[in-house]
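Trainee: I would like to go through this model and ask what lies behind the words used for it. Please put each value against its definition.

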Amino acid sequence: MATLTEFTPSLSALKRSLTHVYHIAYAPAIKKAYLFHWGCNLKCKGCLCHKEINCMALEENLDVVFRDPRLRPPQTPAGSLSFDELITILEKVELAEVAFEGQEASLDPTLPEICRYLKGRNARVVLHTNGVAKADTANIDEVIVSLKAVTPRIYQEYTGLSNSFVLENFKRYHDSSVLLKAESVFIPGYIGFDETEKIARFISSVDKSIPYRIDAYFESGDNPWRAPEPAEMKEAVGIAKQHLANVYSTQQTKRELTKADLLYEVIRLY
Ligand code: SF4
């Protein structure tokens with residue numbers, strides 16, 4: 001039988017390994033880094049990466065929510081960092097928390113080693129995931145699963161894939177030791193009140209205390225949908241609260257954001 005060490009890459013091989021990280025943002029005030037991964041196993045019609053692939057909180061991206069998605073062609077990263085390059089950048093800053101963002105971090109073969117390094121720095125580790133693949137949670141503190149939809153037809157149409165893995169993996173994350181949260185995007189008339197209630201019901205069938213965040217859709221990709229009104233977001237939260245103890249929403253309503261509108265400054269490390 002193979003032993004664990006046979007699967008652990010040597011240190012020099014690990015340093016040369018390419019991660020999927022193509023961009024790093026950092027909030028000095030809270031010592032939080034955001035590692036952006038490239039590559040995904042879904043093809044969501046409303047994916048933010050159709051519009052912007054770097055952190056939305058950077059000063060140059062504060063217009064993203066109201067930016068016309070048809071003005072710029074979709075971007076792709078020039079490349080990704082090696083494990084050694086990533087660590088060299090992170091060594092230069094203090095770390096209280098690190099969030100995996102961008103596309104799907106669970107597909108990065110170096111993710112367990114990145115997490116192991118971050119726990120060695122005593123950083124809190126937060127994974128944002130679509131839940132299609134189940135990540136090794138040995139060194140992860142919190143997992144936020146984006147549920148998209150629970151109705152199989154809507155999920156398949158929106159993402160191109162069946163949601164059976166996601167719903168099963170959501171339960172598996174709940175059975176693990178991580179703090180589990182859920183989120184979805186509210187799209188009026190599509191992933192609207194009915195579907196949001198179904199998502200809330202599904203979360204509640206796993207555990208009523210799982211926090212659920214509902215994000216307001218904003219234009220991304222070439223889609224016919226409109227952004228919701230604040231009153232619609234309030235109603236969606238009210239519907240979800242009939243099933244769950246902790247529901248909240250996010251929505252940017254101010255068109256012109258400046259750095260002064262942010263809770264803290266976010267800068268680019270890479
Ligand atoms: S799971 Fe996220 S990154 Fe992947 S296609 Fe959907 S929205 Fe985009």
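This is a predicted model: local features need pLDDT of at least 70, side-chain atom pairs count only at pLDDT 80 or more; totals for chains, interfaces and linings use all residues.

Trainee: What makes S1 and S9 a pair, and in which sense do they run?

Mentor: Two bridges join S1 and S9, in the antiparallel sense. Strands pair if DSSP finds at least two bridges between them, so the two bridges of S1 and S9 qualify. Residues are numbered from 1 along each chain as its sequence is written, and side-chain values use heavy atoms, with hydrogens and water left out.

Trainee: What is counted as a helix or a strand, and how many does the chain have?

Mentor: Both are DSSP runs numbered from the N terminus: helices are H or I with at least four residues, strands are E with at least two. The chain has eight helices and nine strands.

Trainee: Which strands are called edge strands, and why?

Mentor: The order in the open sheet of nine strands is S8-S7-S6-S5-S4-S3-S2-S1-S9, with mixed pairing. Strand S8 (247-250) and strand S9 (267-268) are the edges, as each pairs on one side only.

Trainee: Which residue of the hairpin of S1 and S2 takes a positive phi?

Mentor: Lysine 31, with phi near 55°; the hairpin has four residues between the strands.

Trainee: Why is S7 called largely enclosed?

Mentor: Buried means under 20% relative accessible area, exposed over 50%, and partly exposed in between, with a 1.4 Å probe and protein chains only. Five of the five residues of S7 are buried, so the rest of the structure largely encloses S7. Tyr212, Ile214 and Ala216 are buried on one side, Arg213 and Asp215 on the other. Strand S1 (residues 21-27) is likewise largely enclosed, because seven of its seven residues are buried.

Trainee: How do you know that isoleucine 87 is buried or exposed?

Mentor: Isoleucine 87, in helix H3 (residues 83-90), has 12% relative accessibility and therefore counts as buried. Over the chain, 48% of the 270 residues count as buried.

Trainee: What makes the radius of gyration agree with a compact globule?

Mentor: The radius is taken over C-alpha atoms, and the globule rule is 2.2 Å times the number of residues to the power 0.38. For 270 residues a compact globule would have a radius near 18 Å; the chain has 19 Å, which agrees.

Trainee: Which residues are around the ligand, and how are they classed?

Mentor: They are Cys40, Leu42, Cys44, Cys47, Gln103, Asn130 and Lys148, where near means a heavy atom within 4 Å. Ala, Val, Leu, Ile, Met, Phe, Trp, Tyr, Cys and Pro count as nonpolar, Asp, Glu, Lys and Arg as charged, and the others, Gly among them, as polar. The shell therefore has four nonpolar, two polar and one charged residues.
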